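Good morning, and thank you for the time. I would ask you to look at the model on the screen while I speak.

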Amino acid sequence: MELRDVILLLHPAIAVIIVFPLIGIVINRAFQVRQRRLETATEGKSKIPPVVGQEHVKLGRALTAAVVGIVLIGLAFGIYGNILEKQVWTKTPVKVILITLFFVAAIASLALLYKASDKMWRGIFATLSGIAIVVLGCQDGVYRQTNQWYISHYYYGVTVALLMIFSLAILPDIYKDKTNRWRTVHITLNSIAALMFIAQGITGSLALLEVPLSWQESYVNKLYEQQCQIKPCTIIQAPNMPKKP
Ligand code: HEM
Ligand code: HEM
């Protein structure tokens, strides 16, 4: 396997090994937190231990970093793949430097968001990391599938990353707010995020089936050139290849 293929596998492998198990635990704890809160409110006690709240938040915080990380890896694969293929570095090196700075900005502002406690700074760092991700998503080489946005791995991926950043940004407000307004906002948005994670599992698997390994690339590109996905094609055997029995 070539280096490019190993890099391509990095994103789906991290998704399967780290991100999806984390999503499972975070959602499980979310149900327990809610059940515990409602039981305590109505019956005065609950069999669910109070630690589920801390576990949901601790793993939720880790999930934000994991989702943003995996999105940046997915974007980097497309963007730097295009830079190498079209030799953008020799033509417009400033563009390459700027793109790299946006990757650094996305990571740095997320790191600062983890540290920030003041409402204004949480808002600023969340907005900055969100903008950096969106700007990177607009670069050449990213397979956006805009004409079929409703099944696009890219659009759902960027949206869940923004929703996770938002969850991290409003974290202290969920506790402070006595009217439960932020809690309701959090549950509503993250229920949508949970559905989008399912969509990511499906569209990501499809992407993995469609992106060829290096040795397959020239052949698969020919199939696309001849539009074999929408009309029948005949594969002609090379003259020097041994005939099948
Ligand atoms: C798919 C992801 C997520 C889902 C479906 C989800 C859902 C929920 C639900 C249902 C609750 C319970 C609300 C209630 O008490 O009625 C909750 C609480 C909470 N969530 Fe999430 N959440 C997710 C991710 C996150 C993330 C990424 C963070 C932080 C970065 C986070 C922070 C919190 C906090 C601070 C609470 C309050 C916990 C408590 O009362 O002890 N959640 N979430
Ligand atoms: C939380 C889950 C996931 C998120 C947030 C996510 C996000 C992204 C993003 C933003 C991209 C770049 C846009 C693009 O080129 O399409 C991408 C690319 C990709 N993802 Fe995911 N992904 C997730 C899970 C998965 C899974 C489970 C798989 C496969 C099993 C997968 C396979 C791929 C592949 C193969 C690419 C490269 C596609 C290409 O360059 O055309 N992803 N992902």
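The buried residues of helix α4 are Ile 99, Ala 106, Ser 109, Leu 110 and Leu 113, where buried requires 20 or more other C-beta atoms, placed from the backbone, within 10 Å of a residue's own. They pack against α2, α5 (119–137) and α6, contact being C-beta atoms within 7 Å. Helices here are DSSP runs of H or I with at least four residues, numbered from the N terminus.

This is a predicted model, in which local features need pLDDT of at least 70 and side-chain atom pairs count only at pLDDT 80 or more, while totals for chains, interfaces and linings use all residues. Residues are numbered from 1 along each chain as its sequence is written, and chains are lettered from A and ligands numbered from 1 in the order in which they are written.

Next, α7 (181–210). Its buried residues are His 186, Asn 190, Ala 193, Phe 197, Gln 200 and Gly 204, and their cover includes α1 and α6.

I turn to the ligands. Ligand 1 is surrounded by 26 residues, each with its C-beta atom, placed from the backbone, within 6 Å; among the closest are Arg 34 and Asn 190. Its shell divides into 14 nonpolar, 8 polar and 4 charged residues; Asp, Glu, Lys and Arg count as charged, Ala, Val, Leu, Ile, Met, Phe, Trp, Tyr, Cys and Pro as nonpolar, and the others, Gly among them, as polar.

Around ligand 2 there are 27 residues, with Gly 204 one of the closest. That shell has 18 nonpolar, 9 polar and no charged residues.

Methods. Helices (H or I, at least four residues) and strands (E, at least two) are DSSP runs, numbered from the N terminus. A residue is buried if 20 or more other C-beta atoms lie within 10 Å of its own, exposed if 12 or fewer, and partly exposed in between; C-beta atoms are placed from the backbone. Two residues are in contact if their C-beta atoms, placed from the backbone, lie within 7 Å.
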